[in-house]
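Hi there,

Here is the structure I said I would pass on.

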Amino acid sequence: MNIKLGVVLIILLALFGCGQPAASGNLQKVGLLVPETIDDKVWGSKGYKGLLKIQSEFGVDVFYKEGMNEDEEIRSAIEEFQEEDVNLIFGHGSEYANYFNTVSKEFPDIHFVLFNGKAVGENVTSLNFEAHAMGFFGGMVAGEMTKTNKVAVLAAFEWQPEVDGFFEGAYFQNENVHVDIQYVQNWNDTNTALTLLDILIDNENDIVYVAGDGYNIPVIEKLKEEGLYAIGFVSDQSDLGKGTVLTSTVQHVDTLYEVVARSFDEGNLESGELYYDFQDGVISLGKFSPLVEDDFRLKIEKDIEEYIESGLLPNQL
């Protein structure tokens, strides 16, 4: 992975385009802080695409900085964004929660947005994906497709709601399944993830839900080499191998960025923790592998439709 750390220059992506719709309310300019890189093809890339969507939809200038992990770097970036009249900043991860909560009062004209964390202050918002359901449906696919009746989750942290969802979904679909769970304790630690993957493979797990964004591509590539299967995470990862990736639990971060920017522009963006699910059009399953039979695919698509309408998972009906 080509991780570009310590980027210190603000990069202007685009100027107002001829004929483009312009922000009509509060939105002036938008900044994005990424802890790693926009080139990871998963989480960071999703944030960058969201920024481009905002630029295209609202015709405003947008800026980003990569490798933003240290407090001093983050403060410097915020101050530079402020000088450029940025009034909406996305911190692309939970790691920005504490710092945004601490400094938000010093920048009352900027609204700070982060992911999966606590939000404190009138100008701080935390975006949270209701990931239990997506994990459940991913687990259903694994429970249906396993040949060994042993499937696994390779997650980053214990708090991820998709982990319990996957376990429940796999068992709902296949009461004989065993679910093995390992935690990397980091979103991006590829070496640890691959070491844990070897353990999961030795335990005869034939399907792994790779529920971490920074390491899931090399993990899926290793599963492909071993002739095993994966459930992708965050992005639709079917392009990594239709014979390997059975489906993906997709979080449409780019769409959510546009939703948030519109809400801010209209003066409706709430502070605190906000939650989003299938019903909001920002979570879905990705493409199914040809290995997944049509009858099961149609069944799970119907289950998702029923969940969107009722809010109830198949094991709750």
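Below is what turned up, starting with how to read the model.

This is a predicted model, so keep the cut-offs in mind: local features need pLDDT of at least 70, side-chain atom pairs count only at pLDDT 80 or more, and totals for chains, interfaces and linings use all residues. Residues are numbered from 1 along each chain as its sequence is written, and side-chain values use heavy atoms, with hydrogens and water left out.

Salt bridges first. The term means a side-chain nitrogen of Lys or Arg within 4 Å of a carboxyl oxygen of Asp or Glu. The background is simple: side chains of opposite charge can pair when their charged atoms come close. A search of the whole structure gives 13 of these salt bridges.

One of them joins Lys29 to Asp61, with 3.9 Å between the closest N and O atoms. Lys29 sits in the loop between β1 (11-12) and β2 (30-33), and Asp61 in the loop between α1 (43-58) and β3 (62-65), so this pair ties together parts that are 32 residues apart in sequence.

Another salt bridge brings Glu204 and Lys150 together at 3.5 Å, N to O. Glu204 is in the loop between α6 and β9 while Lys150 is in strand β7, so the pair links parts 54 residues apart in sequence. Glu204 is partly exposed at 48% relative accessibility, and Lys150 is partly exposed at 28%.

Then look at helix α8 (residues 253-265): Glu258 and Arg262 are 4 residues apart there, which puts about one helical turn between them. They form a salt bridge too, with the closest N and O atoms 3.2 Å apart. Glu258 counts as buried at 16% relative accessibility, whereas Arg262 is partly exposed at 29%. Glu57 joins these two in a network of salt bridges.

Most residues other than glycine have a negative phi. Asn149 is not a glycine, yet its phi is positive, at about 60 degrees. You'll find Asn149 in the loop between α4 (132-145) and β7 (150-155). Gln185 also has a positive phi, near 65 degrees, and lies in the loop between β8 (178-183) and α6 (190-202). Gln185 is partly exposed, at 42% relative accessible area.

Ala211 lies in the loop between β9 (207-209) and α7 (216-225). Leaving out residues up to four places away in sequence, Ala211 touches several others, including Val153, Trp187 and Phe233; contact means heavy atoms within 4.5 Å.

Last, helix α2 (residues 71-83) holds Glu72, and Asp71 is in helix α2 as well. Glu72 is exposed at 71% relative accessibility, while Asp71 is partly exposed at 47%. From Asp71 to Leu317, the distance is 47 Å, C-alpha to C-alpha.

Happy exploring!

Terms used. Helices (H or I, at least four residues) and strands (E, at least two) are DSSP runs, numbered from the N terminus. Buried means under 20% relative accessible area, exposed over 50%, partly exposed in between (1.4 Å probe, protein chains only).
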